Amino acid sequence: MTTPPSRSTVLAVLGPTNTGKTHLAIERMLGHASGMIGFPLRLLARENYDRVVQRKGKAQTALITGEEKIVPSTARYFICTVESMPLDRLVEFLAVDEIQLAADPERGHAFTHKLLHARGISETMFLGSETARGLIRSLVPGAEFATRPRLSTLRYDGARKLGRLPKRSAVIAFSASDVYHLAERLRRQRGGTAVVLGALSPRTRNAQVELFQSGEVDYLVATDAIGMGLNMEIDHVAFARLSKFDGVQSRRLMVTELAQIAGRAGRHMSDGTFGTVPGALDDDPLDLRPDTIERIEDHRFDPLRALYWRNAGLDFTSVAALKRSLDMKPIAAGLRRAPEADDQRALSALATDRSVTDRATGHDRVALLWQVCQVPDFRKTLSDAHTRLIARLYGQLLDHGGRLDVDWVAAQVARLDRVEGDIDTLVGRLAHIRTWTFIAHRADWFADAGHWQERTRQIEDVLSDALHDRLAQRFVDRRSAILSKGSAIDVAVVDGDGDVAVAGQHLGRLEGFTFRPDRAHLAEDTRVLVRAARRTLRQEVARRVRQLETAPDTAFELADTGVVRWGPSTVAELVANSDPLRPRIAIWRSDLLEANERSRIEARLSRWWESHLAAVLGDLDGLRAPDLKGAARGLAYRLFESSGKLQRREVRDVLTELNRSDRQALARHGVRLGAYFVYLPKLLKPRAIRLIGLLDWLRQGQPAPAPVPPDGVPSLVPETDIDPAYYLRLGYALMGPRAIRVDRVEVLGGELARLSRKGAFVASPSLASKVGARAEELPAILQAMGFRAHQREDGQLVYRRRNQAGRRRTKPRKAGRSPFEKLRLLETSR
């Protein structure tokens, strides 16, 4: 940012929560010709953007966050998240909210950078806690200070049981499982609650807050996500825990953290209280010490000792130089080097990937790599999946002139456009789509960024609404009013999607032939409604049985987990049988099915299963045909037992016994006798590979299926904890560093045989492409295939078959020998 004129003043407005600091900053900004405010949360930025739009209109107001950018060409007021503040834009007024977050290990460096370098032309304002006063004074010479007293009183109200909390209470825990447990108890005891977690999208969080604000529920269960950005009419804050896991260890909350959360009680001139809920989560003693209580009530906290800093002058000459510049230490007193943040951890992960670092050369490419590393993982796990995603993004941007392939982006986004699943599933899907929303707002990565911004926003909204509905269904009891009327309920409605409603109230879903109530553990009121709905459910199930009996085979699908789906519903599963090729169909349990209906379903699904097996694994089943005799029958048996693939050297003795008619019979059954493998080519198709992997899992009885190779890949890097025999059963043989599909081994083997006819040969790197490998992997692959490397006198590396030098045939070749006789001679010579 350009250095502002010397007439710019810097004012730090400090005080506890509920002191009107944000209101003051907005009023000051709107009194200038232009301005910018950075907020700690996207939710807060959006809320205050709406406030400024009401005052100044959309044409003069911009919103800039990682996931959302609304920037009219005539904008004069910029509402941003702190990380997204465009410091290259000069404005008359500039403010940063919650400046004490500069002491946060994860995000603090972004706030520290704004404290040191962000200035308005006429006025700069930093809002935050009194704990930051000393460090602001030392780091920003000449800064002025103003103290804002709390507008209401906050006092300790002691311990209460969960069922005796007053209305308009917020109960605080620090994990999703604890929040769900407390919400379930409040639902049973007090009729319902809203829930707020950091993992919720802003739209879902706002919808849950509206449940509480509107009075539909009188209780809120939340994590420390309510500590900032949520202004609600809470009268009492009750802590169910006083410790939390901070990503490294489980630790007790600091008094400043307790005060930030407790300060949500009482807004404006209304007083608030805080306390504990002993016994709600029985492994936390909840011992608030008297001195802690007094400090929270009086807002007296220890000053911050250091702020986290990270070098912003990055060196993009190389990846190593970039990492060194990020690791620089601050020289100013009061600053501490920030721990490795998510973007830096992503860079460290990609720095170990040669396919990335080999291409990250020069200033522009290294700078692009750093931009890609800043794509957030909203699940906060930095998993291998996220690392693979950002590596793929980087590769695509390099391969397509700085743009992403729209077909690939469309496929990734389409996978997330689904609303089925439980709460945790929707939370995970929302995290994924929020990452794509962030990517979509990198306008220079897309030819039509506006389209993808709208597409990802639409999916996020749909998922957010679905998650809100799931939360409300699980934690808000809307049926109690119906039951309290005492009216007879004897009619249920099942809509086209399987949703079941009684007297207009959603009861659950009919999935296939199984009724799934809204909750796994049924309360008495729910059981009453289920009994009332049973007659209608039985009629609907009988109709579905008739529909399934006449459904075509294309209506059924076998999932990789062994369950059978009919349309969107799971109706059966495969269960291991004495015949490994024919596991039996087991219908999922349902007390709505009569015995004869189960038999009819089993008969129809069994016919489909036989047809599916014949279409996918017919060649394997054909190996048990009676026309195979003698040595051919023995080979077929061994081939069947190994899922249709054998290493040739393992059956060499059997192959030498095959006569011409045996070979012809095997050929009729699709058996190919290769130089390295004996196999059934049709079993190398993706459908067959997936099915063989599934049958292998059922036969082995493992707790979870082993992964199968992606469809159509000629080779892959094998996972070290998977048995090589499993890969061979799928059709992939370990050759050096890769597992290569056996038909591709034969293709490469044929080329090598041609090259080696005249003796030693030079291995061209293009040979690696025949098996989908990299050139540097070729030597190990050739060695695994029986070729030895030699260095000629001129330094050239050449290969020859291991037994090629001095090899003698048992009989000389004679003109007129049949191909089968030649093959037998070759077998004996090996």
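**Buried residues, ring pairs and sheets in a predicted model**

Q: Are Trp-408 and Trp-436 buried or exposed?
A: Both Trp-408 and Trp-436 are buried. A residue is called buried under 20% relative accessible area, exposed over 50% and partly exposed in between, with a 1.4 Å probe and protein chains only. The model is predicted, so local features need pLDDT of at least 70 and side-chain atom pairs count only at pLDDT 80 or more, while totals for chains, interfaces and linings use all residues. Residues are numbered from 1 along each chain as its sequence is written, and side-chain values use heavy atoms, without hydrogens and water.

Q: How many aromatic pairs does the structure hold, and what makes two rings a pair?
A: The structure holds 10 aromatic pairs. Rings of Phe, Tyr and Trp (its six-membered ring) pair if their centres lie within 6.5 Å; planes under 30 degrees apart count as stacked, over 60 as edge-to-face and the rest as tilted.

Q: Why is the pair of Trp-408 and Trp-436 called edge-to-face?
A: The ring centres of Trp-408 and Trp-436 are 5.6 Å apart and their planes stand at 65°, so the pair is edge-to-face. Trp-408 belongs to helix H14 (residues 406-414) and Trp-436 to helix H15 (residues 423-440), so the pair ties together parts that are 28 residues apart in sequence. Helices (H or I, at least four residues) and strands (E, at least two) are DSSP runs numbered from the N terminus.

Q: Why is the pair of Phe-513 and Trp-566 called stacked?
A: The rings of Phe-513 and Trp-566 have centres 5.9 Å apart and planes at 15°, so the pair is stacked. Phe-513 lies in the loop between strand E21 (505-511) and strand E22 (514-517), and Trp-566 lies in strand E24 (residues 563-566), so the pair ties together parts that are 53 residues apart in sequence.

Q: How do you know whether Phe-513 and Trp-566 are buried or exposed?
A: Phe-513 has a relative accessible area of 3% and is therefore buried. Trp-566, at 13%, is likewise buried.

Q: What makes the charged end of Arg-434 count as sitting over the ring of Phe-378?
A: A charge sits over a ring if NZ of Lys or CZ of Arg is within 6 Å of the ring centre and within 35 degrees of the ring normal. The charged end of Arg-434 is 4.3 Å from the centre of the Phe-378 ring and sits over it. The charged end of Arg-474 sits over the ring of Tyr-180, 5.0 Å from its centre.

Q: Why is strand E16 described as largely enclosed?
A: Five of the five residues of strand E16 (residues 272-276) are buried, so E16 is largely enclosed by the rest of the structure. Gly-272, Phe-274 and Thr-276 point one way from E16, Thr-273 and Gly-275 point the other way, and all are buried.

Q: How do you know that strand E9 and E16 pair?
A: Two strands pair if DSSP finds at least two bridges between them. Strand E9 (residues 154-159) is joined to E16 by four bridges, and the two run parallel. Here Tyr-156 stands opposite Phe-274 in E16. Strand E13 (residues 236-239) also pairs with E16 in the parallel sense over four bridges, with Val-237 opposite Phe-274.

Q: Which strands stand at the edges of the open sheet, and why?
A: Eight strands form this open sheet in the order E4-E3-E5-E2-E6-E7-E1-E8, with mixed pairing. Strand E4 (69-70) and strand E8 (144-147) each have a single partner strand and stand at the edges, so one side of each is left without a neighbour in the sheet. Within the sheet, four bridges join strand E3 (residues 61-64) to strand E5 (residues 77-81), which run parallel.

Q: What makes helix H3 mostly covered?
A: Seven of the 10 residues of helix H3 (residues 108-117) are buried, among them His-109, Phe-111 and Leu-115.

Q: Why do Glu-98 and His-299 fall into their accessibility classes?
A: Glu-98 has a relative accessible area of 13% and is therefore buried. His-299, at 27% relative accessibility, counts as partly exposed. Phi of Glu-98 is near 55°, a positive value in a residue other than glycine, and His-299 has a positive phi of about 60° although it is not a glycine.
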